[in-house]
Amino acid sequence: DPRTHTTQVLENESYGYGGRLEALRESEFSRLKGALYLDNVGAALYPASLVANSLSGLTSTLLGNPHSRNPSSIRSEMVINDARQRVLSFLGTTESEYTVVFTSGATASIKLIAESFPWSPNGSFTYSTMNHTSVLGMREYALSSVTPVYTVDLMDGTFQPTPLRQSPGNDDIGTTTVRDPTDVAHHLFAYPGQCNFSGIQLPLDHVARVNKLNDTR
């Protein structure tokens, strides 16, 4: 009986948030009752507790422009800095190594990097085949600047980059090459914490492995 099998899967402690998936669905996403939602990758649903906590904070705390200098503005700045620290802590790093920049979303972040990165023929762009779909748009910036592009299959465990085979039309993608005036080679590796197609979460220790490989070069 498929229904019996589904119940056994949901009751298995190793499945979905320690077996709490159904309880979580009921408490945080009760609006899903009777619905089949298939767009979680592009528009993840917010939990009910997030809305409640945010409403409580916004209606009880005076928050001002974080770029001004007054009590309400300083309070906003503290909230933003706390959010930055939480992101850094989650990723296992500190502000001495990275800067957290908030954007409207992953696509806007990727576009910002693509437009400002110093692409050049003596650098490279490598991305994992399991990635955010907007990374493919970043690839076009690299190709238009004659930057070598490579792909990496994270599932085979080898981290062996494979040169991207360009289609015949790619030679005409663009003519402007962004070069670093100091002739320093810059290399960019696009690695997802989670694949937005399959939902597979990838270990963050791969980032440390890539950094180690870079240090040996």
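## Burial and the overall fold

A residue is called buried when its relative accessible area is under 20% and exposed when that area is over 50%, with partly exposed covering the range in between. F125, at 0% relative accessibility, is therefore buried. The structure described here is a predicted model, and its chain has an average pLDDT of 80, with 77% of the residues scoring at least 70. Over residues 167-178 the pLDDT stays under 50, and for this stretch the model has 18 contacts beyond four places in sequence.

The chain contains 8 helices and 4 strands, which follow one another from the N terminus in the order α-α-α-α-α-α-β-α-β-β-β-α. Of its 217 residues, 21% count as buried, and the chain exposes about 15,600 Å², of which carbon and sulfur atoms supply 56%. When contacts between residues at least 6 apart in sequence are considered, 52% of them join residues at least 24 apart.

## Aromatic rings

The whole structure holds 4 aromatic pairs. One of the pairs is formed by W119 and F125, whose ring centres lie 5.5 Å apart with 80 degrees between the planes, an edge-to-face arrangement. W119 counts as buried because its relative accessibility is 2%, which falls under the 20% cut-off, and F125 is likewise buried, at 0%. In the pair made by F189 and Y191, the centres are 6.2 Å apart and the planes stand at 35 degrees, so this pair is tilted. F189 is partly exposed, with a relative accessible area of 24%, whereas Y191 counts as buried at 18%.

Ring pairs also link F117, W119, F125 and Y127 into a cluster. Elsewhere, an arginine takes up a position over an aromatic ring: R31 lies over the face of Y46, at 4.5 Å from the ring centre.

## Helix α7 and the loops on either side

N131 is placed in the loop between β1 (124-128) and α7 (135-144), and its relative accessibility of 9% means that it counts as buried. The side chain of N131 makes two contacts that can be described here. With the side chain of S128 it forms a polar contact of 2.9 Å, and the side chain of N131 also reaches the backbone oxygen of A190, at 2.9 Å.

Within α7 itself, the buried residues are V135, M138, R139, A142, L143 and S144. An α-helix has 3.6 residues a turn, so residues three or four places apart point the same way. The buried residues of α7 pack against α6 (106-116), β1, β2 (149-152) and β4 (187-190).

After α7 comes V146, which is placed in the loop between α7 and β2. V146 is not a glycine, yet it has a positive phi of about 60 degrees. Most residues other than glycine have a negative phi.

V210 is a residue of helix α8, which spans residues 205-215. Leaving aside residues up to four places away in sequence, V210 touches F159 and F189, and F189 is a member of the tilted ring pair with Y191. Y191 and V210 are 19 residues apart along the chain, and their C-alpha atoms are separated by 9.9 Å.

## The loop between α5 and α6

T93 is found in the loop between α5 (71-90) and α6. T93 is buried, because its relative accessible area of 14% is under 20%. The side chain of T93 makes a polar contact of 3.1 Å with the side chain of E97, and, not counting residues up to four places away in sequence, T93 touches L88 and Y98.

Note on methods:
Residues numbered from 1 in each chain as written. Heavy atoms only, no water. Helix = DSSP H or I, 4+ residues; strand = E, 2+ residues; numbered from the N terminus. Buried < 20%, exposed > 50% of the residue type's maximum accessible area, 1.4 Å probe, protein only. Contact = heavy atoms within 4.5 Å. Areas by Shrake-Rupley, 256 points an atom, 1.4 Å probe, with all protein chains shown as cover. Phe/Tyr/Trp six-rings, centres within 6.5 Å; stacked < 30°, edge-to-face > 60°. Lys NZ or Arg CZ within 6 Å of the ring centre and 35° of its normal. pLDDT = per-residue confidence, 0-100. Polar contact = N/O pair within 3.5 Å; in protein donor to acceptor, adjacent residues only side chain to side chain.
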